[in-house]
Amino acid sequence: MAGLGKKVLIVYAHQEPKSFNGSLKDVAVAELGRQGCSITVSDLYAMDFEPRATRNDITGTLSNPETFSYGVEVYEAYKKAALSSDIVQEQKKVQEADLVIFQFPLYWFSVPAILKGWMDRVLCQGFAFDLPGFYDDGFLKGKSAILSLTTGGTAEMYSKTGVSGDFRYFLWPLQVISLVRLWLWFPVSSSFSASVVRLGSAASGRHPVAGLGPERFPVLSPQSGGWSQTYSCN
């Protein structure tokens, strides 16, 4: 088995388990499990994950109680092991994972707020990076990352001449910065295979169901034009 012993974290951001995103998550769990991987899913909505970055993220004394600076305080709290338990739990999952998959629908040309909050709170300075100590020198170097996302429109809408603009450009931070270093800190490798479900014609109105069989596709590489895989129908 190609993935035997590998640990995978899926950070899943969708409200409905029966959605297309839910089906993609389920297929990934089944296929990666078949390959011998150990899979952990952070279902952010089911967890009622707190997306707001606030003082509550620090359990100890603030380094500057007069003027609150979230970045500074979280950095100091990380060094003192004084971050809130939900952040610590997610950081542990990331630390243990060989591969992190982000599964989400495209919201206003970016990730849903609950996933953005996960990134803001979990991938903090001290844990994921430092200054210096980012990009090629990030603390999570050596891990792999995949973006698996859905859109509410057709591929033509996200082309150079499409009404929504070129997908590659408005997702530049995700496709280039995030996926080359997973938000600056994870380099992406092609040692895993991804699973998708084939829906047939988008005009057919068919909706994915859990019973559809998975098909294996190689992870996209820089030579193929990018690392993200998109699907129409949220």
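Guide: Helices (H or I, at least four residues) and strands (E, at least two) are DSSP runs, numbered from the N terminus. This is a predicted model, where local features need pLDDT of at least 70, side-chain atom pairs count only at pLDDT 80 or more, and totals for chains, interfaces and linings use all residues. Residues are numbered from 1 along each chain as its sequence is written, and side-chain values use heavy atoms, with hydrogens and water left out.

Visitor: How many helices and strands does the protein chain have?

Guide: The protein chain has six helices and seven strands. From the N terminus, their order is β-α-β-α-α-β-α-β-α-α-β-β-β.

Visitor: What share of the residues count as buried?

Guide: Buried means under 20% relative accessible area, exposed over 50%, and partly exposed in between (1.4 Å probe, protein chains only). Here 46% of the 234 residues of the protein chain count as buried.

Visitor: How do I read a nonpolar core, and which residues touch the most other members?

Guide: In soluble globular proteins, nonpolar side chains tend to be buried together. A nonpolar core is a set of buried Ala, Val, Leu, Ile, Met, Phe, Trp, Tyr and Cys residues joined through side-chain atoms within 4.5 Å. The largest one here has 35 residues. Val 11, Leu 44, Phe 102, Phe 104, Leu 115 and Trp 118 touch the most other members. Two or more residues come from each of β1 (7-12), α2 (70-79), α3 (85-96), β3 (99-105), α4 (113-122) and β4 (144-151). The most come from α4, which gives five. There is also a second, separate core of nine residues, including Tyr 12, Ala 28, Leu 99 and Ile 146.

Visitor: Which residues is Leu 44 in contact with?

Guide: Contact means heavy atoms within 4.5 Å. Leaving aside neighbours within four places in sequence, Leu 44 is in contact with Val 11, Tyr 12, Ala 13, Phe 49, Ile 114, Leu 115 and Trp 118.

Visitor: Is α4 mostly covered or mostly open, and what covers its buried residues?

Guide: Mostly covered: seven of the 10 residues of α4 are buried. They are Ile 114, Leu 115, Gly 117, Trp 118, Met 119, Arg 121 and Val 122. Their cover includes β1, α2, α3 and β3.

Visitor: At what angle do α3 and α4 pack?

Guide: Two packed helices are described by the angle between their axes and the distance between the axes. Axes are lines fitted to C-alpha atoms, for helices over the stretch in contact, and angles run from 0 to 180 degrees between N-to-C directions. For α3 and α4 the angle is about 90 degrees, and the axes are 10 Å apart. That makes α3 roughly perpendicular to α4. Angles under 35 degrees count as roughly parallel, over 145 as roughly antiparallel, 65 to 115 as roughly perpendicular and the rest as oblique. Asp 86, Ile 87, Glu 90, Gln 91 and Val 94 in α3 meet Trp 118, Arg 121 and Val 122 in α4.

Visitor: Where does Asp 57 lie, and what does Asp 57 touch?

Guide: Asp 57 lies in the loop between β2 (38-43) and α2. Asp 57 is buried, with a relative accessible area of 2%. Not counting residues up to four places away in sequence, Asp 57 touches Arg 52, Tyr 70, Ala 82, Leu 83, Ser 84, Ile 87 and Arg 121.

Visitor: How many disulfides does the structure hold?

Guide: A disulfide is a pair of cysteine sulfur atoms within 2.5 Å. The structure holds zero. Cys 37 is buried, at 8% relative accessible area, and Cys 124 is buried, at 5%.
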